[in-house]
Amino acid sequence: MAPPQGSRAPLEFGGPLGAAALMLLLPVTMFHLLLVARSGPARLLGPPPYLPGLEELWSPWALLLCLTWLGLQAALYLLPARKVAEGQELKDKSRLRYPINGFQALVLTALLVGLGVSAGLPLSALPEMLLPLAFAATLTAFIFSLLLYLKALVAPASALAPGGNSGSLIYDFFLGRELNPRICSFDFKYFCELRPGLIGWVLINLALLMQEAELRGSPSLAMWLVNGFQLLYVADALWYEEAVLTTMDIIHDGFGFMLAFGDLAWVPFTYSLQAQFLLYHPQPLGWPLASFICLINAVGYYIFRGANSQKNTFRKNPSDPRVADLETISTATGRRLLVSGWWGMVRHPNYLGDLIMALAWSLPCGVFHLLPYFYFLYFTALLVHREDRDERQCLQKYGLAWHEYCRRVPYRIVPYVY
Ligand SMILES: NC(=O)C1=CN([C@@H]2O[C@H](COP(=O)(O)OP(=O)(O)OC[C@H]3O[C@@H](n4cnc5c(N)ncnc54)[C@H](OP(=O)(O)O)[C@@H]3O)[C@@H](O)[C@H]2O)C=CC1
Ligand SMILES: CC(C)CCC[C@@H](C)[C@H]1CC=C2C3=C(CC[C@@]21C)[C@@]1(C)CC[C@H](O)C(C)(C)[C@@H]1CC3
């Protein structure tokens, strides 16, 4: 199929071959992690303890549960919102509108789960179902991406993403062709990015904590820390939901297999790896070390939130008193770039904070296994690659002004290191 005119962007992720490899590698890695986390040696780099047969992966109940979960989150998305935000300006100069009710969805889900558990819902049985649930989520993501691909075939050219329209079926299926696929006002990408996967992640964590309590009398301190840190991260994302409208995923990337699988399967089933590991491999943790790990998480969160809020406040209103005194440089587009405050320290201070938190989430699992550090390692690779993609996009957008910013702020993520 010929790409629409004027939409040829340089291929990313290693082109069609890289996309095909990732489409295989990502689900395989996810199942490997799920299997290894419950095995005795829990070796990240070793072989899985066994290869599950289809009868262990496929369960109609798991698929039903997965679809019910999506249905519940979609219903909560459609509830009246406290605010409706406008997204960035699109190619055709219009702006889409987005409901801001993610935090409300989290609270309502917590209430429903609380009611369910007190009425006898066996939440602690969920960890036993992780394999079939992950399989069902992968299947759902695959079919969903296929439907999104077909929907994009009839979308107008102005609705297509800059990147996912190369003409290669595999590559475009992976990256996503349409920028903001919607049915009426229901925005699929925005919905998936923040709701089912993120809230599903904290629910899986909670189920693991409850199962640990059943097995050992009470949850361990390490399990409390992992649950607490990750709940804070998810609650923060939903509280500051509007900020997601300025992320690369919403502004630049199409909605294809990468994000559909990432949001619906990868996030809930691999980001809960530390809690999975702790259920099967309890780790002793004393209060002094726990306090130190809390401090690391707090420092990471402070940088992450400070940097993200500073940029969002500045982008929304540069004369806001909280950012009006910061030094900036002008660009030919009329938008300015911050060169002091968090964004004068490194070019991606928010990534630095996120990485520090990622480390704090692994430390409660001790230092004798590499497996719980998978998230930290994967996330470092993801952010380094993401930073590189963002730099290329900014260079294209801002040209000389971006070079000037790089001269003024030479480090990318870690001051004096990278
Ligand atoms: N947990 C997870 O799995 C993941 C988490 N994240 C997190 O998501 C958050 C968002 O990340 P992401 O979308 O990648 O990128 P950013 O939020 O860092 O956004 C990058 C954009 O910010 C603007 N910008 C860059 N420098 C400046 C500056 N000096 N002054 C003003 N604006 C600037 C540019 O856009 P413009 O100028 O057009 O506004 C640039 O394209 C991060 O905190 C990241 O850590 C990301 C990926 C995965
Ligand atoms: C594994 C694949 C190669 C890529 C999949 C990537 C996705 C899992 C991530 C891409 C960007 C994300 C963001 C968040 C979660 C992970 C994905 C979807 C985010 C919602 C997490 C919470 C943060 O506060 C945030 C800033 C809102 C994040 C936005 C980006």
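Helices (H or I, at least four residues) and strands (E, at least two) are DSSP runs, numbered from the N terminus. The structure is a predicted model, in which local features need pLDDT of at least 70 and side-chain atom pairs count only at pLDDT 80 or more, while totals for chains, interfaces and linings use all residues; side-chain values use heavy atoms, with hydrogens and water left out. Residues are numbered from 1 along each chain as its sequence is written, and chains are lettered from A and ligands numbered from 1 in the order in which they are written.

**View 1. The shell of residues around ligand 1.** Ligand 1 is surrounded by 25 residues, each with a heavy atom within 4 Å of the ligand. The closest are Tyr 271, Tyr 351, Asp 354, Arg 386 and Tyr 398. Helix α15 gives the most to this shell, with eight residues. At least two residues each come from α13 (287–316), β6 (336–338), α14 (349–362) and α15 (374–398). The shell comprises 14 nonpolar, four polar and seven charged residues, where Ala, Val, Leu, Ile, Met, Phe, Trp, Tyr, Cys and Pro count as nonpolar, Asp, Glu, Lys and Arg as charged, and the others, Gly among them, as polar.

**View 2. Polar side-chain atoms beside oxygen atoms of ligand 1.** A polar side-chain atom of Asp 354 lies 2.5 Å from an oxygen atom of ligand 1. For Arg 315 the corresponding distance is 2.6 Å, and for Asn 350 it is 2.9 Å. Taken alone, ligand 1 exposes 930 Å², of which the protein buries 89% (accessible areas by the Shrake-Rupley method with a 1.4 Å probe; for residues, only the protein chains shown count as cover).

**View 3. The shell of residues around ligand 2.** Ligand 2 is surrounded by 13 residues, the closest being Glu 193, Ala 237, Asp 249, Asp 263 and Phe 304. Taken alone, ligand 2 exposes 630 Å², and the protein buries 87% of that. Helices α7 (188–194), α9 (221–239) and α11 (257–270) each supply at least two residues of the shell. The most come from α11, with four residues. By class, eight residues of this shell are nonpolar, one is polar and four are charged.

View 4. Asn 312 is found in helix α13. This residue is buried, with a relative accessible area of 16% (buried means under 20%, exposed over 50%, partly exposed in between; 1.4 Å probe, protein chains only). Asn 312 touches Ala 243 and Thr 246, not counting residues up to four places away in sequence; contact means heavy atoms within 4.5 Å.

Notes: A polar contact is a pair of N or O atoms within 3.5 Å; within protein, one must be able to donate a hydrogen and the other to accept it, and residues adjacent in sequence count only if both atoms are side-chain atoms.
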